[in-house]
Amino acid sequence: MGAYVNPIYPYRAPTDLQGGAVQRKPLIVIGAGPVGLAAAIDARLRGLDVLLFDDDKTVSVGSRAVCYAKRSLEILDRLGVGDAACQLGVSWNIGRTFMDEGEVYQFNLVPDPGHKRPGMINLQQYHIEEMLIARALELGADLRWQYKVVAVTPAADHARLTVETPDGTFDIEADWLVVADGARSPIRRHLGLDIEGRVFQDRFLIADVIMKADYPAERWFWFDPPFHRNQSVLLHKQSNNVWRIDFQLGWDADPEEEKKPEKVIPRLQAMLGDDRPFELEWVSIYTFQCRRMTDFRHGRVLFAGDAAHQVSPFGARGANSGFQDVDDLMWKLALVIQGQASDALLDTYAHDRQFAADENIMNSTRSTDFITPKSRTSKTFRNAVLALAREHPFARKLVNSGRLSMPSFLTGSALNTPDVEAFEGQMVPGAPMDDAPVQVNGQDAWLLDQMGRAESGFAGLLFADSPPTPEVLAALQTLQQGRVPVQTLIVTPHTMNIPGVRVIVDAQGFMAKRYDARPGTTYLLRPDQHVVARWRSLNASAVQAALARATCNTSA
Amino acid sequence: MSPLNTDPNFHEPGRHFFRDFSPGDEFYEHLIEAHNGLTDEQSEALNARLILLLANHIGDLRVLREALEKARG
C-alpha cells in the first residue's frame with residue numbers, strides 16, 4: 001500500500017510567445033483538467049494547432065471525478081486513451097442500495113449485451129489526467145504549466161489574454177478560446193458572466209482510503225445505515241486498492257473539524273466494522289450547486305465542462321458531461337476554423353450542450369432531493385419508496401441514489417433532419433449511436449471504433465444484403481468528394497468484397513435490430529457519433545441536404 | 001394474476017421516454033413539489049385528498065383492497 005504521488009510537469013519560460021508584436025494563435029485552451037486536455041487532444045486529431053495554459057504544475061490532488069461512464073469511455077476510445085483507462089480502471093455494473101441494515105434493491109448498468117465498454121469504470125481523476133497529458137503531448141499539443149490567465153479581453157474576431165508566469169506577464173491573442181477552468185472558473189468570473197441555479201444546503205465528507213478489502217467491485221449506497229444514522233453513505237472501489245467513501249454530514253457540520261483524521265478515522269472504523277488496516281490518502285469536505293451559464297458561447301470564447309455547468313455528484317455527471325461537451329464542440333470548431341462550415345455551427349454547440357446540461361441538472365437535482373429530503377413529508381415518501389422496494393418492482397424503479405450518466409438524446413438539435421419515413425427503436429435523429437459487435441476484414445470489431453475515419457468525421461451507414469449497384473457506388477463517391485466529405489460504410493449480414501468501399505459485417509444482427517435497418521436503410525452520422533438523419537433508401541441529394549443542415553451551410 | 005399492478009407503470013400517452021426511470025422520476029418530482037412550502041399538517045391533508053382522488057379514479061375495489069393490504073405491510 002502506498003499513497004499516490006503527484007507528478008510535477010516542467011515549466012517552460014514563455015520566451016517563444018512574447019517579445020515584439022503580440023502573437024495570434026488559432027486556438028488556446030485554458031485549464032488542464034480532463035475537459036481541457038480532451039479538447040487539446042481532439043484539436044490535434046482534427047489537425048488544429050493548440051496551446052493549453054494551466055496555472056498549476058500537476059494533475060488533480062485527490063481522486064475527485066472517479067466514475068467514467070460508457071459514453072465517456074467511447075469518447076476516450078476516439079481520443080486514444082480508452083484502453084489505458086479501462087485497463088487501470090475498475091469495471092463495475094452492479095449497484096446495491098441499502099436501507100438501515102438490509103439491502104433493498106440492486107441494479108445492473110448494462111442489461112444489454114453487445115457493447116464494447118462497460119456501463120461505468122472507476123478511476124481516480126489524477127490517473128485519467130496523466131493518460132490525457134501523455135496522449136496530448138504525443139499528438140503535439142503545446143501544454144504550458146504555471147501559466148495563469150489573469151485577463152481576457154474578447155474582440156469580434158479574437159480574444160486577447162494576459163498571462164502570468166514565473167518569468168512575468170505577457171499578452172497573447174487567440175482566434176478561438178476554449179475555457180475549461182473548472183467550477184470556480186476565474187475566467188467566467190473575470191468576464192462577469194452569469195451562472196444561475198440552486199445551492200444545496202448540505203455537506204459531504206469524501207475520503208480516499210487505501211486498504212486491502214475483498215468487497216466486490218460494486219457501488220454500495222446506504223440510506224440511514226446503523227453506522228451513520230439519518231444520513232447517506234457511498235462506497236466505490238477505485239484502482240490500486242483505493243476506495244472512495246462519501247459520508248453525508250448535513251449543513252451544520254463544521255468542515256474544518258470534520259476533515260481532521262481524528263474525526264474521519266472513527267467514522268471509517270464504524271463503517272468497516274472491523275479492525276482492518278487502512279490509510280487515508282485524501283480527505284475533503286464539499287458542498288455543491290446545480291447551475292449553468294445562460295450561454296456557453298460568447299463570440300470567440302467557448303465554455304466547457306464545470307466552468308459552464310455544475311451538478312450534484314450523484315450520477316457522475318460532471319466530468320462525463322464535460323467529455324461530451326468536448327465531443328460536441330471540437331468537430332464544430334474544426335469545421336469552422338477550416339472554412340468548411342459557417343460560424344453559426346458553434347451556436348449549436350451552445351444550444352445542444354445547454355440542453356444536455358439542463359437534463360443533467362434535472363436528473364442530479366432529482367437524485368439529490370431523494371437522497372437528502374428537505375422536509376418531513378419528503379423523507380416519509382423517500383422511506384416509503386425504500387420500504388416498498390424490497391418487494392415491489394415499481395418502487396425499485398423509483399429508488400434514486402443517482403441516475404448514472406448517460407448521453408443526451410439531442411432530439412431538438414437544429415442540426416437534425418426529421419424522419420420522413422417510419423422507424424422503430426431509439427436511433428432517432430439526435431440520438432447518441434448505440435454500439436454493436438461487428439466484423440471488419442474477418443476480424444471481430446466494434447461499430448463505434450469504425451466511425452469518424454473521414455477527414456471531416458461525418459459518416460454514412462448503408463445497410464445492404466447484396467453488392468451495391470453502380471448508381472449506388474456513384475452516389476457514395478459523390479458524398480465522399482463533397483466539400484464536407486462523408487465516408488459511407490456498407491453494413492451487410494455476411495462478408496462481401498466491394499472494391500473501394502469499407503464493409504462492416506453485422507453477423508449477429510445487432511446493428512440491424514438497434515438501427516431498425518432493412519436493405520437500403522441509410523444513416524448520416526455526426527463526427528461525435530450522433531444520428532443526423534436516416535432514410536429507407538440512399539439518395540445522395542437528400543444526404544447532401546441533411547449534411548448542409550448539419551454543418552449550418554444551408555444559407556450559402 | 002393479482003389485480004394490483006406493482007410493475008413500473010408511469011407513462012404519458014404521446015411521449016417517448018428514452019430512459020426507463022424518467023417517467024417515475026418526473027412523477028416523484030411533481031409529488032414532492034406539490035408539498036413545497038406546506039406545514040406537516042397541510043401535507044398530511046394534501047396526502048389524504050390525493051389518496052381519495054386516486055382511489056376514486058381506480059374505482060375497482062379488488063385493486064384498492066389489495067393496495068391497502070400491501071401498504072399496511
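Guide: Two residues are in contact if their C-beta atoms, placed from the backbone, lie within 7 Å of each other. The model discussed here is predicted.

Visitor: Which residues does A:P154 touch, not counting residues up to four places away in sequence?
Guide: A:P154 is found in strand β9 of chain A, residues 148-154. Leaving out residues up to four places away in sequence, A:P154 touches A:A159, A:H298, A:G299, A:R300 and A:V301.

Visitor: Is A:P154 buried, partly exposed or exposed?
Guide: A residue needs 20 or more other C-beta atoms within 10 Å to be buried, and 12 or fewer make it exposed. A:P154 has 13 within 10 Å, so it is partly exposed.

Visitor: How many Å separate the C-alpha atoms of A:P154 and A:I265?
Guide: A:P154 lies in strand β9 of chain A. Along the chain, A:P154 and A:I265 are 111 residues apart, and their C-alpha atoms are separated by 49 Å.

Visitor: How is chain A divided into domains, and how many Å lie between the centres of domain 1 and domain 2?
Guide: The domain assignment gives domain 1 (23-90 + 122-194 + 292-366), domain 2 (204-286) and domain 3 (437-550) of chain A. Domain 1 and domain 2 of chain A meet through 10 residues from each. On the domain 1 side of that contact there are 4 nonpolar, 6 polar and no charged residues. Taken over C-alpha atoms, the centres of these two domains of chain A are separated by 31 Å.

Visitor: Which element gives the largest share of the side of chain A that touches chain B?
Guide: The contact involves 18 residues of chain A and 18 residues of chain B. On the chain A side, the elements giving two or more residues are α9 (345-371), α10 (376-389) and α11 (393-398). By class, that side has 7 nonpolar, 6 polar and 5 charged residues. Its largest share, 5 residues, comes from α10(A).

Visitor: Which residues of chain A are in contact with B:I32?
Guide: B:I32 is found in helix α1 of chain B, residues 22-34. Apart from neighbours within four places in sequence, B:I32 is in contact with A:D369, A:S378 and A:F381.

Visitor: Which are the edge strands of the 7-strand sheet in chain A?
Guide: This open sheet of chain A has mixed pairing and the order β6-β5-β14-β15-β16-β13-β17. The twist averages 15° from one strand to the next. Two strands pair on one side only, β6 (102-108) and β17 (279-286) of chain A.

Visitor: What is the bridge partner of A:K237 in β16(A)?
Guide: Strand β15 (residues 232-237) and strand β16 (residues 242-248) of chain A pair in the antiparallel sense over 5 bridges. In β16(A), the partner of A:K237 is A:W243.

Visitor: What angle does helix α2 of chain A make with β3(A)?
Guide: An open antiparallel sheet of 3 strands in chain A has the order β3-β7-β4. Between β4(A) and β7(A), residues 120-122, there are 3 bridges, and A:S91 stands opposite A:I121. Helix α2 (residues 70-79) of chain A packs on this sheet, touching β3 and β7 of chain A, and its direction makes with that of β3(A) an angle of about 75°.

Visitor: Which residue takes a positive phi in the hairpin of β27(A) and β28(A)?
Guide: Strand β27 (residues 522-525) of chain A runs antiparallel to β28(A), joined by 4 bridges. In strand β28 (residues 531-535) of chain A, 5 of 5 residues are buried. The hairpin has 5 residues between the strands, and the residue with a positive phi near 60° is A:Q529.

Definitions and conventions:
Residues are numbered from 1 along each chain as its sequence is written. Chains are lettered from A and ligands numbered from 1 in the order in which they are written. This is a predicted model: local features need pLDDT of at least 70, side-chain atom pairs count only at pLDDT 80 or more; totals for chains, interfaces and linings use all residues. Ala, Val, Leu, Ile, Met, Phe, Trp, Tyr, Cys and Pro count as nonpolar, Asp, Glu, Lys and Arg as charged, and the others, Gly among them, as polar. Domain bounds come from an automatic or database domain assignment. Two strands pair if DSSP finds at least two bridges between them. Axes are lines fitted to C-alpha atoms, for helices over the stretch in contact, and angles run from 0 to 180 degrees between N-to-C directions.
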